[in-house]
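Here are some short notes for your reading of this structure. Please keep the sequence and the 3D view open while you go through the points.

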Amino acid sequence: MATQQTRSLARFMMAPSVVLLLVWMVVPLALTLWFSFQQYNPLNPMRDGFVGLSNYALFYSNPAFLQSILNTLVLVVSVLLITVIGGILLALLIDQPMWGQGIVRILVISPFFVMPPVAALVWKNMIMHPQYGVFADIARFFGAQPIDWFGQHPMTAIIIIVAWQWLPFATLILLTSLQSLDGEQKEAAEMDGAGFISRFIYLTLPHMSRAITVVILIQTIFLLSVYAEILVTTNGGPGYASTNLPFLVYQKALLEFKIGQASAGGVIAVILANIVAFFAMRAVGKNLDK
Amino acid sequence: MARAVTTQHKTIATVAAWIVALLIFFPILYTIITSFKSEQEAIQGFNLIPSGTFESYAEVQAQSGYFKFFLNSVLLSVGSTILALLVAIPAAWSMAFSPTKRTKDILMWMLSTKMMPAVAVLFPIYLIFRNLGLLDSRIGLMVMLMLINLPIVVWMLYTYFREIPGEILEAARMDGASLWNEIIYVLTPMAVPGIASTMLLNIILAWNEAFWTIRLTTTDAAPLTAFISSFSSPQGLFWAKLSAASTLAIAPILIMGWFSQKQLVRGLTFGAVK
């Protein structure tokens, strides 16, 4: 059907999107790569120049670097575990017949729409504050000593906040998938005498596998770049205890003006994201064919 | 044969689900409640019944000019979404109705740009914005938000447009409709629901974007994300005012979000889960 004319028209219509995204992807990345081999300090332009791989060496020898990689991975893996397992359980629960299902859904999905700085501030001050927070009130009620969450367990605190933001997303996607499960299949399995557990393992879980994959991949993209939650609560501290890779790069670039090192960190972040993206693309690509 | 559901089963499920749902919603609920307390009440320990004062809301506006930030959030999220739609609709239209062998690759590539960590390009973007005089400008940030959401907009529109039967377009063409008429009278009415859903989801995403909106603004273009982040400094620690500011920042998008649950699933899973 496609004539030469419609084909060139199609190209013309696609051009703005493609060109914009191409520029958006190539120009800043090329600059970052270039800066990563340079000594560059906006406050001290006398010492600029090509320095080879030494920015990478400096970034690597910085004790904060390994800590930040570790924190990034701990954050991603913990939040994934909590949200996927919690999401499956919650989806199974909400899928049961009940009164007020619509309102339950709305209540559960709500945290996803709360902007990250608000989520972080609310948890920091209203819930986890060692003196005025609800957790402290509860601890005192039971005669226990309130916990200084951000001083003593900064990563745990951030994991709880981020998991609270993403649990709704996992639940909503998994619930949508669960509700598309064929009712007849379920009934057949029940009539064959399959119990709840075996129905879950042999029927429900395989049916949800695609949704689970999508949840893991999409959350990983966003979790690799958690930023505002750390900025608002701990500012990466105490020390580097809750600094992840994005936060370290931000500190180097805009607080210490070590542009070369920050860019080297940025390149590492891109490599990390690409490893994840490689798997993400394959999974999403497969789903496209169906 | 309908499955027999005992009342007992339903009661247990209802109670369990409501308890869990209220626990998850609690931080939001408690913030709303605290926003109607006085500052003294707010730090006097756990209390679910506020005195019902509006003074925190008045003070948030009086001290920090809340509505300026609110207006910026509206302008940025709606503006960037409209920009993205203008660029994405032709692209998604051509991909859905005249796909080529490379269409899928282009879509995948677009998605891959979404995976670039923002922080990796923070400094180059900062430099470019500074040299172009775009720091703290609404236009600059609007373009930025348009770019980061463009892949999702193209994808969402594509999955919606693909469901419009191509035969209808061919029939219109046979009847001698020009391309322009085809777009205006045939395609647009069928595409409106999809475009509206895409718009809704992207306003939500742009409203809540909290990296570029914080880093590339100072005062003039600062939206609510930047406004709220400024409360993390010590002098901002007034519980009732913080709660009022938070409630104001999330209320509009929370309500929009409730209406867009289905679009959210579809948009954020790139059509893989419907």
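1. Into which domains is chain B divided? In this predicted model, chain B has domain 1, covering 7–55, and domain 2, covering 66–268. Taken over C-alpha atoms, the centres of the two domains are separated by 32 Å. Nine residues from domain 1 and seven residues from domain 2 make the contact. On the domain 1 side, α1(B) gives the most, with four residues. By class, that side has three nonpolar, four polar and two charged residues.

2. Chain B also touches chain A: 82 residues of chain B are in contact with 84 residues of chain A. Helix α1 of chain B (residues 7–35) gives the most to the chain B side, with 16 residues. This side has 62 nonpolar, 16 polar and four charged residues.

3. The largest nonpolar core has 164 residues. Among those with the most contacts inside it are Val162(A), Ile173(A), Ala88(B) and Leu157(B). Helix α7 of chain B (residues 138–161) supplies the largest share, 17 residues. Domain 1 and domain 2 of chain B both give residues to this core, so it lies between them.

4. Leaving aside neighbours within four places in sequence, Leu157(B) is in contact with Ala88(B), Ile89(B), Ala92(B), Gly194(B), Ile195(B) and Thr198(B).

5. Ala88(B) also marks a kink of about 35° in α4(B), shortly before the proline Pro90(B). For helix α4 of chain B (residues 66–97), 32 residues at 1.5 Å a residue should span 46 Å. The end C-alpha atoms are 45 Å apart, which agrees.

How values were computed: Residues are numbered from 1 along each chain as its sequence is written. Chains are lettered from A and ligands numbered from 1 in the order in which they are written. This is a predicted model: local features need pLDDT of at least 70, side-chain atom pairs count only at pLDDT 80 or more; totals for chains, interfaces and linings use all residues. Helices (H or I, at least four residues) and strands (E, at least two) are DSSP runs, numbered from the N terminus. The expected span of a helix is 1.5 Å times one less than its number of residues. The bend at a residue is the angle between axes fitted to the seven residues ending there and the seven starting there. A nonpolar core is a set of buried Ala, Val, Leu, Ile, Met, Phe, Trp, Tyr and Cys residues joined through C-beta atoms within 7 Å. A residue is buried if 20 or more other C-beta atoms lie within 10 Å of its own, exposed if 12 or fewer, and partly exposed in between; C-beta atoms are placed from the backbone. Domain bounds come from an automatic or database domain assignment. Two residues are in contact if their C-beta atoms, placed from the backbone, lie within 7 Å. Ala, Val, Leu, Ile, Met, Phe, Trp, Tyr, Cys and Pro count as nonpolar, Asp, Glu, Lys and Arg as charged, and the others, Gly among them, as polar.
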